[in-house]
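Welcome to this short briefing. Have a look at the sequence and the fold below, and then we can walk through them together.

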Amino acid sequence: MAESFTFSADKAALLEPRLPPTVTPPGSGIFVTATFTTSLDSSLTLTPGVHTHLSGPESYAMTHYLRSRHAAILVGVSTLLADDPALNCRIAGAGLAQQPRPVVVDPHLRWTPRLTDKVLATCRRGAGRAPLVVTAAVASDIPEAASRVLKEHGGKYIQIAAKPTGPDGRMRFDWNDVFASLRSEGIASVMVEGGGKILNSLLDPAYHGSVDSVIVTIAPTWLGQGGVVVSPARVHDASGSPVAAARLKDVSWHPFGDDIVLCGKLQAPQ
């Protein structure tokens with residue numbers, strides 16, 4: 001049985017201004033929270049594809065509380081393949097109503113859902129929900145067996161148009177399309193957890209207006225060079241000079257054990 005966590009009411013109160021409303025007004029858009037845990041050198045992991053535990057117990061419990069307050073949690077397929085996460089909420093006493101819907105961004109169908117995957121096993125025992133998989137693949141390219149496994153658990157593929165960008169030519173989504181598709185599925189709030197490529201693309205100035213809250217846990221450690229770093233693409237002003245890619249406003253800092261939790265909102269691009 002997976003470990004469960006408790007999170008005190010006083011700590012929850014510190015985070016409340018940064019979280020989605022408990023009641024979503026009709027016709028409102030999706031509430032987006034970007035959240036991750038980083039080292040002092042902005043690294044998420046020691047090296048690509050290797051899970052690295054950074055959070056202390058207090059901030060780890062906070063992460064599960066945040067999950068309980070969002071309708072969905074979103075990760076990239078690289079995170080799913082590297083970590084085999086359960087993608088659920090383990091706050092003590094949390095029922096299915098407090099479990100977020102996992103969303104996996106998988107443009108190229110790199111993940112083949114199997115019964116042994118932790119996210120699906122967690123769903124079968126009633127401790128989580130089945131994932132939605134966002135892909136650029138057309139219906140005929142989605143393996144029938146993979147689609148069937150997802151449907152049997154209550155999940156499904158969501159097809160969104162994408163386009164090749166960057167030197168690698170890989171398909172990438174417009175975040176506004178992703179969030180609109182999730183809202184059409186009845187998801188009122190989503191917690192974007194990573195990994196690095198997902199977070200760096202979301203921190204592009206084009207999407208700052210789509211992100212309602214940023215919550216970053218900073219662990220008191222350096223991982224060293226070669227890790228997966230949260231560092232969005234370079235931004236230049238009209239004259240070609242480099243400027244800050246992103247900055248937070250309305251900032252607050254909260255100690256959670258040895259970690260520091262930074263909360264804020266992205267400033268609109270200048």
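A residue counts as buried when its relative accessible area is under 20%, and as exposed when that area is over 50%, with partly exposed in between. By that cut-off, 48% of the 270 residues of the protein chain are buried. Please keep in mind that this is a predicted model.

**The chain as a whole**

- The protein chain has 7 helices and 15 strands.
- Its radius of gyration is 18 Å, which agrees with the value near 18 Å that a compact globule of 270 residues would have.
- The C-alpha trace of the protein chain spans about 50 × 45 × 45 Å along its principal axes.
- Among contacts in the protein chain with a separation of 6 or more, 74% are between residues 24 or more positions apart.

**Surface and charge**

- The protein chain has an accessible surface of about 13,200 Å², and carbon and sulfur atoms contribute 54% of that.
- There are 24 positive and 23 negative charges in the protein chain, and their mean positions lie 3 Å apart.

**Strand β1, covered on both faces**

- Strand β1 takes in residues 31–38, and 8 of its 8 residues are buried.
- In a regular strand, side chains alternate between the two faces of the sheet.
- On one side of β1 sit Phe-31, Thr-33, Thr-35 and Thr-37, and on the other sit Val-32, Ala-34, Phe-36 and Thr-38. Every one of these residues is buried, so both faces of β1 are covered.

**The neighbours of β1**

- β1 runs parallel to strand β9 (residues 189–194), and 4 bridges join them.
- β1 also pairs with β10 in the parallel sense, here over 6 bridges.

**Strand β10 and its other partner**

- Strand β10 covers residues 213–218, and it is largely enclosed by the rest of the structure because 5 of its 6 residues are buried.
- Besides its parallel pairing with β1, β10 pairs with strand β15 (residues 259–266) in the antiparallel sense over 5 bridges.
- Where can you pick up the pairing of Thr-217 with β15? Look at Val-261, the bridge partner of Thr-217 in that strand.

Technical notes: Residues numbered from 1 in each chain as written. Predicted model: local features only at pLDDT ≥ 70, side-chain atom pairs only at ≥ 80, totals over all residues. Heavy atoms only, no water. Helix = DSSP H or I, 4+ residues; strand = E, 2+ residues; numbered from the N terminus. Rg over C-alpha atoms; globule rule 2.2 N^0.38 Å. Buried < 20%, exposed > 50% of the residue type's maximum accessible area, 1.4 Å probe, protein only. Contact = heavy atoms within 4.5 Å. Areas by Shrake-Rupley, 256 points an atom, 1.4 Å probe, with all protein chains shown as cover. Lys, Arg positive; Asp, Glu negative; His and termini not counted. Charge placed at Lys NZ, Arg CZ, Asp CG, Glu CD. Pairing = 2+ DSSP bridges.
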